[in-house]
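Here is a quick tour of one model, from overall build down to a couple of loop residues. Have the viewer open as you read.

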Amino acid sequence: MKVGYIGLGIMGLPCVLNLLKAGHAVSVWSRRPDSAAAALAAGASWADSPAQLAAQVEVLVSNVSDTGDVEQVLLGEHGAVHGAQAGLVCVDMSTISPIGARDIAARLAAAGVDFLDCPVSGGQVGAVNGSLTIMVGGKAEALAKVRPVLEAMGKTITHIGDSGAGQVAKACNQIAVGVGVAAVAEVMKLAKACGVDPAPVREALLGGFAQSRVLDIHGQRMIDDNYAPGFKAHLHLKDMGIVLDTARQLGIRLPEAERVAGLIGQLVEQGEGELDSAAIARLIWQQN
């Protein structure tokens, strides 16, 4: 398929490379043209604006930082909507507000463009390996059309429901990961306080009911004290902000999510926002 891609960061660039490997014709645009060098070297083409990109493709994928960025690249002055051809499907793989996703979908629909909110889980490793978990909100017919594109980037593709539902699932994912990291950090803290090596504790737990990807991947990070990102803390903080903002709008409280968001915020305030968010373990270990 003819695919456009906006956003060539640690997630977007490997996704573009996997799309090219799968045989799709890929054109790209980025706010920083120099970030496109590797994609262009691998065979992608360059477009001068999101609008120009949209005019060339059947599927337009965006992977940017937040709700405002998605609005700008899709609906702004030079946004994709201004170049969209009949039948275009916009696929947003960013993590944004569920309410914002519904608004963007409605505004694009008024222009005859389908929109799928498709946030992902799996981090940079999943993007590189083409094994992302993709959570989809929007029309089933639009998903069927773009499925070959998503299959080049992800291993698990789940249609959650209508517009915004993919973002709801991602918000739930970020709660589970953040609270899971905090729980694993407390596991390590208790083991150390008892004078027990946490490495075989982790190994034992991985064989039982406590097994999880968080214990597997982030537990090893904690043992190694190596927090080179998979998922940067400042991005996780942004996502937890979406979680808590959504909860406030719904009139509910999520106390564990609030606690974890506070820890990640403290990490960012200390100037460690580029570390993996699992580095909140250091803060938990410092607490009495």
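What share of the contacts between residues at least 6 apart in sequence join residues at least 24 apart? In the protein chain that share is 65%, where contact means heavy atoms within 4.5 Å.

## Ground rules

This is a predicted model, so to speak: local features need pLDDT of at least 70, side-chain atom pairs count only at pLDDT 80 or more, and totals for chains, interfaces and linings use all residues. Residues are numbered from 1 along each chain as its sequence is written, and side-chain values use heavy atoms, with hydrogens and water left out.

## Overall build

The protein chain holds 13 helices and nine strands, assigned as DSSP runs numbered from the N terminus (helices are H or I with at least four residues, strands E with at least two). Its C-alpha atoms fill a box of roughly 65 × 45 × 35 Å along the principal axes.

Buried residues account for 49% of the 288. Here buried means under 20% relative accessible area, exposed over 50%, and partly exposed in between, with a 1.4 Å probe and protein chains only.

The largest nonpolar core has 34 residues, and Tyr 5, Val 91, Met 93, Leu 116, Ile 134 and Leu 150 touch the most other members. Such a core is a set of buried Ala, Val, Leu, Ile, Met, Phe, Trp, Tyr and Cys residues joined through side-chain atoms within 4.5 Å. Elements giving two or more residues to this core include strand S1 (2–6), helix H1 (12–21), strand S5 (89–92) and helix H7 (140–151).

Apart from it sits another core, of 26 residues, with Ala 182, Val 243, Leu 263 and Leu 283 among them. In soluble globular proteins, nonpolar side chains tend to be buried together.

## Two loop residues

Ser 49 is in the loop between strand S3 (45–46) and helix H3 (50–54). Ser 49 is buried, at 15% relative accessible area, and touches Trp 29 and His 78, leaving aside residues up to four places away in sequence.

Asp 225 is in the loop between helix H10 (213–224) and helix H11 (233–250). Though not a glycine, Asp 225 has a positive phi of about 50°. Asp 225 is partly exposed, with a relative accessible area of 41%.
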